[in-house]
Amino acid sequence: MKNWQTKEELTDLLCSLINHQSITGSTAEIALPEYIHHLLAQKNYFLRNDHHLKLHPLDDGRRLLTALVKKGNKKETVILLSHFDVVGVEDYGSLQNLAFHPRELTQEMKRLKDELPDEVRKDIETGEWLFGRGSMDMKAGLTLHMSLIEQAIDDEFDGNILLVTVPDEEVNSQGMLTALPVLNQLKEDEDLVYQACLNGEPMFSKYPGDSAYYVYAGSIGKVLPGFYCYGKESHVGEPFAGINPNLMVSFLSQHLELNEAFIEKIDDEVTPPPVSLMQRDLKEEYSVQTPNAAISMYNVLYLKQTFDEINKKLLASTKMAAQEIESYVKQKADNYAKFATDFTMPNINISVMMYEDLYAEAVKRYGEHEVVRRQNLLVSQRDKGDRDFSTLLVQDLAYMCKDLAPMIILFYSPPFYPAVSSYDDPYIKDVMDHVRTYTSSTYEMDLTVAEFFTGLSDLSFLGPVSSKGKLNQLTINMPLQNNGFVFPEDIMEKLTMPILNIGPLGKAPHQWTERVELVYSFEYLPHILTKAIHRLLIPTG
């Protein structure tokens, strides 16, 4: 019996998924896959084949879910990929208690519509939008995938359908990284051939008022460079006796924040410039001593640049910042000397180096056994998240080489999302052409095929990498690599497959006006997805 096929049934299912407050890292993020497992376990197929429906543990106790529907001895398999975690709800303010009650929140939005922005008010007046945290990103996509599993159980497809839904996509993608060996094992155990991965992330508008309907053949890439600024502490009464790392990060900010050198344009896709995601000194308590270190991290998005090209730009910006810091301090010291006639200040030189250079210097001085011992000790006592722990590993090496200060160390922290694309793959082009033709003839709607989904997605770990450069320069400069974290290049290469993203229509992801449109998403899109899967399952050999 099928329960999730009509617009009304899909809306009910979506509301029940949203009711689970699966904020990343919360207990509800653990409860939701159990709920999905409960819903699917009632289907006759899984009652007969319970080994095809599984919850798989992450190292921290969270779980991801796989649900495989096999068609006889068929090998051709389409993966349906989604995530079920959501961001927090502090932005809802007085409406926070309604954020996970979509029908009630939507009613309240109607009551408040005259106080809302025009675009939101117009959507409310259509009566076809549902509000709530996770409604757009991305429980509507998961809802559609559960509907497709029902169709597969009902013998709709001439091949296998594998649903994979994961936690932690909004923070570190640990769910997807854990899913990679699971997918590889399933492939071997069940003798599967992964034809493609179909993601269900919602379409993102490119500008306010954008009315295009997008499907995607790839996903944007992201690196998270960190800059450890090790200055020289001093008493506030003697500011020229040291170098304040807060001053150092301020000059870095001028050279990196919104720097157009990092903008990349491919056809109509344009990456936003870098923005700071973290900037603070590392002094733990107040005193009249200046801090000795500060940290900043930047969000850098890319499409087809090589990692080497990005790294060179980051190093160049850092070296320019270092030169300007030196000049600035010298100028201020010269000005101070006009008042304090006996004052002299030696020249300062700020070293700029990669993490691998700092590591090599520490090994040269103390031996690799000692460096590894210290890092292992930190790992055994770890109580920090990825960003802070990466910083701690850099800091420990910097303390071992403190005479090199002042210095700026460039390193990388998780998460890292490779840019991936199947845009030029004839197989995906054929599927997209088929989907566009069907949508145009059936619904009189034009779909726009974009090469890159710009909201970041877990497709980055399955799709063909769009950049030709190697990743080893990133991993060798990632302190966390092999220190409680491994970027799984080997298994990613084994699993690389064609990718595409066809998802619902929504607006305002990660905002308190997050909402999903119900006519396209739950009336038209189920049929569009069915057509896409039929085409994906045609053998390519």
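D123 is buried, with a relative accessible area of 9% (buried is under 20%, exposed over 50% and partly exposed in between, with a 1.4 Å probe and protein chains only). The model is predicted: local features need pLDDT of at least 70, side-chain atom pairs count only at pLDDT 80 or more, and totals for chains, interfaces and linings use all residues. Residues are numbered from 1 along each chain as its sequence is written, and side-chain values use heavy atoms, leaving out hydrogens and water.

**Salt bridges**

- D123 and K507 meet through their side chains in a salt bridge, 3.0 Å from N to O (a side-chain nitrogen of Lys or Arg within 4 Å of a carboxyl oxygen of Asp or Glu).
- D123 lies in helix α5 and K507 in strand β20 (residues 506-507), so this pair ties together parts 384 residues apart in sequence. Helices (H or I, at least four residues) and strands (E, at least two) are DSSP runs, numbered from the N terminus.
- K507 is partly exposed, at 22% relative accessible area.
- R374 and D396 form another salt bridge, at 2.9 Å from N to O; R374 lies in helix α11 and D396 in helix α12, so the pair ties together parts 22 residues apart in sequence.
- R374 is partly exposed at 26%, whereas D396 is buried at 13%.
- The structure holds 34 salt bridges, and E29, D60, R62 and D168 are linked in a network of them.

**Surroundings of T24**

- T24 lies in the loop between α1 (7-19) and α2 (28-41) and is buried, with a relative accessible area of 18%.
- The T24 side chain makes a polar contact with the side chain of D85 at 2.8 Å (N or O atoms within 3.5 Å, within protein one able to donate a hydrogen and the other to accept it; residues adjacent in sequence count only if both atoms are side-chain atoms).
- T24 and V171 are 147 residues apart in sequence, yet 7.2 Å apart in space, C-alpha to C-alpha.

**Nonpolar cores**

- The largest nonpolar core has 79 residues, and L40, M146, I161, L500 and I502 have the most contacts inside it (a core is a set of buried Ala, Val, Leu, Ile, Met, Phe, Trp, Tyr and Cys residues joined through side-chain atoms within 4.5 Å).
- Helix α16 (residues 518-536) supplies the largest share of this core, 9 residues.
- A second, separate core of 74 residues includes L81, V166, L459 and M478.

**Helix α10**

- The buried residues of α10 are Y355, L358, Y359 and A362.
- G367, whose phi is positive, near 90°, follows α10.
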